[in-house]
Amino acid sequence: MSGWNAHDIPDQSGRTVVVTGANSGIGYVTARELARRGAQVVLACRSESRGTEAADRLAIEVPGAEAEFTPLDLGDLDSVREFAAAYGRNYGRLDLLVNNAGLMALPQGRTADGFETQFGVNHLGHFALTGLLLPPLLATPGARVVSVSSFVHALANIDINDLNSERKYGRWTAYGRSKTANLLFVHELARRLAATGSDVVAAAAHPGYAATNLMTVAPRMQGRKTSERFMEIGSRFVAQSAEAGALPTLYAATAPGVRPDSFTGPSILGLRGSPAKSRRASWTLNDLAGQRLWEESERLTGVTYDALKA
C-alpha cells in the first residue's frame, strides 16, 4: 500500500460505478479517476446544475469518458427510490457503489422525511440507497460497496435511543455520530454478506484533512464569516488536495485484496499521505451496536435487505 497513487488504479474497463456527491471535491475526483481508467460512471448528485456541470467538466478532462449525471437527493427517500428505479431501468450491473456524499457540522435541521439532517443524509440515505441497489450488486461478480467515513467519527458513538438528536443537538457530535454510523453500517453489511456467502466486499475509507467545500458549508450557512475564513486558510495551508484525499477511497474501491470491513485513510497521522490502514474507534466494531443500528435503519427508511436476512 506504501506510496499507492492514482496511477496504480487497475483497469476499470467494463465496470459500472455509482458515486454519490460526485459534483465536487472527493466525489468528483473519485468519479474522474475511475472514468479515466475506463469505468462507466454515474454521477449521483442532488443539484441538477452542479451535477450536469461536473459531467461536462469530466468529459473535457477525460476525453471519451463514459460518465453521466443522474439526480439523487439523499435527504429525500422518494428521490433515493427514484434513483434506484432509474438505475435498474438503465443499467444491467453494478460493480462499485461509492457512498461518498456527506454534510458536516450543520446547524440543526431535518430532511424531507423528518430525520436529523446529518444522520439522515450521511447514514440513512446511503443505507436506503445501498439496500435498493443490492440486487445488481449481488448479481455482479466482485462488486464492492465503499462508504466514506471520517476520522471525526472518534468524537462520538451513536446513541441508539436518540439517533435523530431529539434530546440534545451538537453539530459536531451529530456529525461524529453519523460517521460512526457509516462504519457500523459497513461492519454489519460485511458480516451479513459473509453469512450469505456473497463475494461483495463492503469497505470504508476516509480522506483525512482534505481541502473541499465540505469545510466551509456550515460556517457559510450560519453567516460566520470568521469561521469560514479560518476554514479557508486551514484548507489552503494545512489540508491536502482533493486529489490526495480521494486516494483512500480509490484504493478501497479498486486495489486487489481489499478486505471486508477494512478502513483505509491517509498514512500520516490519519490526516494526509498515501493510503494506509486507518485506526478506528472500538465502538465501530461492536456487533450488537451494528445489528441494532441496522434494525433501526430498516425501520426508519422502510428499506429491508431481504437477501441478507441474518
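Gln40 is partly exposed, with a relative accessible area of 26%, where partly exposed lies between buried (under 20% relative accessible area) and exposed (over 50%), computed with a 1.4 Å probe on protein chains only. The model is predicted, so local features need pLDDT of at least 70 and side-chain atom pairs count only at pLDDT 80 or more, while totals for chains, interfaces and linings use all residues. Residues are numbered from 1 along each chain as its sequence is written, and side-chain values use heavy atoms, with hydrogens and water left out.

Gln40 belongs to strand S2, residues 40–45; strands (E, at least two residues) and helices (H or I, at least four) are DSSP runs numbered from the N terminus.

| Residue | Residues in contact (within 4.5 Å) |
|---|---|
| Gln40 | Arg15, Thr16, Val17, Glu66 and Tyr91 |
| Leu129 | Thr20, Leu72, Leu74, Val80, Phe83, Leu97 and Asn99 |

Leu129 is also among the residues with the most contacts inside the largest nonpolar core, which has 47 residues; such a core is a set of buried Ala, Val, Leu, Ile, Met, Phe, Trp, Tyr and Cys residues joined through side-chain atoms within 4.5 Å. The largest share of this core, 8 residues, comes from helix H6.

Helix H6 has 25 residues and reaches 36 Å from its first C-alpha to its last, close to the 36 Å expected at 1.5 Å a residue, the expected span being 1.5 Å times one less than the number of residues. Because 18 of its 25 residues are buried, H6 is largely enclosed by the rest of the structure.

Definitions and conventions. Contact means heavy atoms within 4.5 Å. Lists of a residue's contacts leave out its neighbours within four places in sequence.
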